[in-house]
Amino acid sequence: MTVESVRAFLAERAPELTVLETQASSATVALAAAAHGVEPGQIAKTLSLRLGERVVLVVARGDARLDNRKMKAAFGTKPRMLGAEEVAALTGHPVGGVCPFGLATPLPVYCDVSLRDFAEVIPAAGGTHAAVRVAPVRMAELVGAEWVDVCQEVPAEAG
């Protein structure tokens with residue numbers, strides 16, 4: 001899987017989008033923001049979560065944190081982060097490169113409304129040196145994501 005699965009996914013569904021590869025690592029929000037010359041909020045981080053028996057992906061702005069109260073209201077349970085090995089096995093992407101594109105296993109994807117603060121966001125693209133620039137609405141469309149409000153409000157000085 002990894003970057004090649006993302007390339008194949010985009011070639012089939014969104015040929016106008018290209019995978020951007022950098023020498024600099026984008027394995028963390030801060031590194032990705034520096035590598036792409038954007039503020040951390042514009043990085044679309046993909047969180048792999050277990051909700052009871054279900055595994056889902058939640059894509060949120062890079063400087064946002066999940067709000068457990070909102071998560072429980074939206075999904076009926078408290079989320080648990082998956083371990084790195086389980087993330088790689090289910091998504092086909094390494095931690096730091098997880099994105100909603102080209103997944104090894106079909107998983108429900110949810111996009112936090114915080115992404116709508118930006119005209120363009122930068123999710124990873126299956127590797128720690130790969131990303132894509134895309135409008136949040138287009139990203140959600142491509143992966144059949146549902147919009148949810150599950151993050152804490154981002155302080156004005158952070159966004």
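This section describes the largest pocket of a predicted model, the strand S2 that contributes to its lining, and threonine 91 of helix H4.

The largest pocket has a volume of about 390 Å³. Its lining comprises 26 residues, with Ala27, Lys45, Thr46, Gly96 and Gly97 lying nearest the centre. By residue class, the lining consists of 17 nonpolar, 8 polar and 1 charged. At least two lining residues each are supplied by helix H2 (29-36), strand S2 (43-51), helix H4 (84-91), strand S6 (122-123) and strand S7 (130-131). S2 provides the largest share, 6 residues.

Strand S2 is mostly covered, 8 of its 9 residues being buried. With strand S3 (residues 54-61), S2 runs antiparallel and is joined by 8 bridges; leucine 47 stands opposite valine 58 of S3. The hairpin of S2 and S3 has 2 residues between the strands, and glycine 52 in this hairpin takes a positive phi near 65°. S2 is also joined by 2 bridges to strand S4 (residues 80-81), again in an antiparallel arrangement, and arginine 50 has arginine 80 of S4 as its bridge partner. The pairing of S2 with S6 is parallel and consists of 2 bridges; here isoleucine 43 is partnered by isoleucine 122.

Threonine 91 is located in helix H4. This residue has a relative accessible area of 1%, which is under 20%, and therefore counts as buried. The side chain of threonine 91 reaches the backbone nitrogen of histidine 93 at 3.0 Å. Leaving aside residues up to four places away in sequence, threonine 91 touches Ser48, Leu57, Val98, Gly102, Leu103, Ala104 and Leu107.

Terms used
Residues numbered from 1 in each chain as written. Predicted model: local features only at pLDDT ≥ 70, side-chain atom pairs only at ≥ 80, totals over all residues. Heavy atoms only, no water. 1 Å grid on protein atoms, 1.4 Å probe; cavity = no way out; pocket = protein on both sides within 12 Å on 5 of 7 lines; lining within 4 Å. Points joined across faces, edges and corners; volume = space filled by probe spheres on them. Helix = DSSP H or I, 4+ residues; strand = E, 2+ residues; numbered from the N terminus. Nonpolar A, V, L, I, M, F, W, Y, C, P; charged D, E, K, R; others polar. Buried < 20%, exposed > 50% of the residue type's maximum accessible area, 1.4 Å probe, protein only. Polar contact = N/O pair within 3.5 Å; in protein donor to acceptor, adjacent residues only side chain to side chain. Contact = heavy atoms within 4.5 Å. Pairing = 2+ DSSP bridges.
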